[in-house]
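Subject: Structure handover and notes

Dear colleague,

Please find the structure below, followed by my notes on what turned up in it.

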Amino acid sequence: GEVLATMWGKAKSPIPDWESEDSFDDRSLLLPSASLTTSFGSEASSGRRKQGRGSVRSSTFNLVATMIGGGTLSIPYAFRSCGLVVGVVLYLIIGCASAHALYLLIASKKFCEDARRKHRLVTTGLIMEHEDKEAPLGRQNWSLNGDKCPTKAHHAAKWRKYGEFELNEDEVVDSMASLGRVAFGRWAELLSGFLLLLVLLLTLIAYFILLGDALPYIVSHFAPANTSALGGRVFTSAMAGLLVSPLCFAGSLTALRFVAQFSVMSTLFLAVAITTRSIQHNIKTGFAGKVDLAVPNLSCLLSVILISLSFLCHFNVLTVREEMGAPTRKKIQQIVVSTIALPIVLYCTIGIFGYLHFRENTNQDILKNYDPSDLLLVIAHGTLSLTVTLSLPLLVNPCRKSIQVLFLGRSIESLPIRLVLTPLILGASFAVASQLDNVVVVWSFAGSTIGTACMFILPPLFFLRLRSLRHGWVGLGWWVVDRKGKAAVALLVGGCSALVLCTYQAVAGLKDQ
């Protein structure tokens, strides 16, 4: 009793609310005592090991590197399809929506962490439940056990907010699929895992197609081609996959932080190369040519698809959050803002200057517009190829986890499983890519249906469900009880609308081709 009283007495500051203040980790209060470390000391030690593994910079670069890559080449085409001004506006709107979705996923994970801590406190007898018929909104009333903790006034308020929402100690939430399991059950876990697996596989296929287009171009610049165009595509993309395959076996995204940083730097060089050639061309021609500020037709939907897909990193955010341990709200804000702001600057630079260079002749792959003898663009081809190649491990990691969730029920990052699944994922993606040559078709289907669901539908849906469980609310009316609920519902409605319209555009575009 004296140990517990001393332990709780050390917490002088009020308990921060999960939605508005810094993160609160109960391990600092639960683990000074030898009697308590016997029960869950292994979790504490593993939690301390996890703390600090992922810094703000490495986490930001991991998420940004997941976004940028081969899809960058289609951004000028997106500006051509919707117009210069509309393209910038769409990037700002969709970027803000993507940032909101990232916040909702992180907040949903915080729900689960607090529910697991509550279960720990209940099982160890540090808090107890007592009936309170006048408790608001049907909540149970929780307080600290006076027999074990005399100074119970400090933290009782924190647990009054939780109804019957608890998670066991072995309940791990490190992916969107596991978040769906906690929110709605096994069916939501399977649906989330299936959608994530599809969008990841489609992205891998698109990356192999881009490598097949870019690498023969580079090789032919320095050495004469001895094979056919198709043979050159298949061979060079296969070699790129083999060279990067050792990195694909890594079990942690933090281990790939240097790969992520290089991917960002190479994309930055591509932006500089496109900007330089665009300025030189427009100065030489006197800015001649028609520039569309807005294109009022259904082609804008294709731009929405390509722009939305360029922000897709939501399947990695929970893994990155797990590797950071217990970050503060300030760090979370830094990561989310940096993750969205940096790509917006890069994308708008590439899109604006790439479109201003070629105007109505802008190709779906901007690098195909340039002269093959242009050394600067050859180097840009090389840096882009490295970017796409080094992005493969950042896609294989969550793809492995989705497969395990679908077939094993949980994610087990053991070496034997990595050795089996990694070659299968790379081999299947390469086999499909070798039979295709139009990357926009792949991007349109990946972004219109699956990407939209993963970015703008599942995050607000999981957040609203877990928030209702956390407060003990019953009924859909409580989803819009305050500003945060209304914002999540607005994102959900917008995501469903975009899903229908963009899927229609993707099917119509396929029929035209």
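Helix α9 gives the most to the lining of the largest cavity, contributing four residues. Helices here (H or I, at least four residues) are DSSP runs, as strands are (E, at least two), and both are numbered from the N terminus. Before going further, please note that this is a predicted model, in which local features need pLDDT of at least 70 and side-chain atom pairs count only at pLDDT 80 or more, while totals for chains, interfaces and linings use all residues. Residues are numbered from 1 along each chain as its sequence is written, and side-chain values use heavy atoms, with hydrogens and water left out.

Cavities

The search of the whole structure finds five cavities of 30 Å³ or more, and the largest has a volume of about 170 Å³. A cavity here is a set of points, on a 1 Å grid over the protein atoms alone, where a 1.4 Å probe fits but cannot get out, and its lining residues have an atom within 4 Å of a point. Grid points are joined across faces, edges and corners, and the volume is the space filled by probe spheres set on the points. The lining of the largest cavity comprises 17 residues, of which M67, Y207, L309, S310 and W443 lie nearest its centre. The elements that give two or more residues to this lining are α4, α9 (186–222) and α12 (299–309).

Helix α4 (residues 56–67) has 12 residues and reaches 17 Å from its first C-alpha to its last, close to the 16 Å expected at 1.5 Å a residue, where the expected span is 1.5 Å times one less than the number of residues. This helix is mostly covered, since 10 of its 12 residues are buried (buried means under 20% relative accessible area, exposed over 50%, and partly exposed in between, with a 1.4 Å probe and protein chains only). Among the buried residues of α4 are F61, L63, V64 and M67. Just after α4, G69 takes a positive phi of about 155 degrees. For helix α14 (residues 329–358), the 30 residues should span 44 Å at 1.5 Å a residue, and the end C-alpha atoms are 44 Å apart, which agrees.

Salt bridges

Side chains of opposite charge can pair when their charged atoms come close. The structure holds five salt bridges, each being a side-chain nitrogen of Lys or Arg within 4 Å of a carboxyl oxygen of Asp or Glu. R186 pairs with E189, the closest N and O atoms being 2.6 Å apart, and because these two residues are three apart in helix α9, they are separated by about one helical turn. R186 is partly exposed at 37% relative accessibility, whereas E189 is buried at 1%. R181, R186 and E189 are linked in a network of salt bridges.

The side chains of D482 and R467 also meet in a salt bridge (2.4 Å, N to O). D482 lies in the loop between α17 (439–471) and α18 (483–512) and R467 in helix α17, so the pair ties together parts that are 15 residues apart in sequence. D482 counts as partly exposed at 26% relative accessibility, while R467 is buried at 4%. In the salt bridge between D292 and K290, the closest N and O atoms are 3.6 Å apart; D292 is partly exposed, with a relative accessible area of 25%, and K290 is exposed, with 60%.

V85, V89, I93, V291 and L293 form a nonpolar patch on the surface, with about 400 Å² of accessible area together. Patches are made of residues with over 30% relative accessible area and no salt bridge, nonpolar side chains (Val, Leu, Ile, Met, Phe, Trp, Tyr) being joined within 5 Å and like charges within 9 Å. Accessible areas come from the Shrake-Rupley method with a 1.4 Å probe, and for residues only the protein chains shown count as cover. V89 is found in helix α6 (residues 84–123) and is partly exposed, with a relative accessible area of 39%.

L312, in the loop between α12 and α13 (314–323), is buried at 5% relative accessible area. L312 and T452 are 140 residues apart in sequence and 9.0 Å apart in space, C-alpha to C-alpha. A240, in helix α10 (residues 229–248), is buried at 7%, and A240 and L390 are 150 residues apart in sequence and 9.4 Å apart in space, C-alpha to C-alpha.

Best regards

Terms used
On a 1 Å grid over the protein atoms alone, a cavity is a set of points where a 1.4 Å probe fits but cannot get out, and a pocket is an open set with protein on both sides within 12 Å along at least five of seven lines; lining residues have an atom within 4 Å of a point.
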